[in-house]
Amino acid sequence: QVQLVESGGGLVQAGGSLRLSCAASGRTFSSSAMGWFRQAPGKERVFVAGIKGSGKSTLYADPVKGRFTISKDNAKNTVYLQMNSLKPEDTAVYYCAASAGPNYDFRFWGQGTQVTVSS
């Protein structure tokens, strides 16, 4: 059974940094695209960042470009999201997602980790 477990969320002041991790188990995702989404209170879940299997191709939503960095450690079956220069509007539950193949076709989801940015 595939499991994605996020960690690293918490409370941080505006301008601070957090690093989210997502450890996958149940199958290897070394050739699969993975990504991060977020859902703020009262809003829909939205795409934040994605990374292809090799880790060489990444994609970011406009609000986080230049501040967030997604990376992938295939040996550890883990994807990361480094978040810098955090803003209060980044406050949300962050979800890890994984595709079955190389394209952004997310089939597997984590339970989410809360990120709260205070002003």
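Here is a short exchange on the predicted model above.

Visitor: What sort of numbering and model is this?
Guide: Residues count from 1 along each chain as its sequence is written. The model is predicted: local features need pLDDT of at least 70, side-chain atom pairs pLDDT 80 or more, totals for chains, interfaces and linings use all residues, and side-chain values use heavy atoms, without hydrogens and water.

Visitor: How many helices and strands does the chain have?
Guide: Zero helices and eleven strands. Helices are DSSP runs of H or I, at least four residues; strands are runs of E, at least two.

Visitor: Why is the chain called as compact as a globular protein of that length?
Guide: The globule rule is 2.2 Å times the number of residues to the power 0.38, and the radius of gyration is taken over C-alpha atoms. For 119 residues the rule gives 14 Å; the chain has 13 Å, which is close, so the chain is as compact as a globular protein of that length.

Visitor: What makes a set of residues a nonpolar core?
Guide: Its members are buried Ala, Val, Leu, Ile, Met, Phe, Trp, Tyr and Cys, joined through side-chain atoms within 4.5 Å. Buried means under 20% relative accessible area with a 1.4 Å probe, protein chains only. The largest such core has 27 residues; W36, L81, M83 and Y94 touch the most other members. Elements giving two or more residues to this core include β4 (34-39), β8 (78-83) and β9 (92-99).

Visitor: Which residues does M83 touch?
Guide: Contact means heavy atoms within 4.5 Å. Beyond four places away in sequence, M83 touches G16, S17, L18, L20, R67, F68, Y94 and V115.

Terms used:
Buried < 20%, exposed > 50% of the residue type's maximum accessible area, 1.4 Å probe, protein only.
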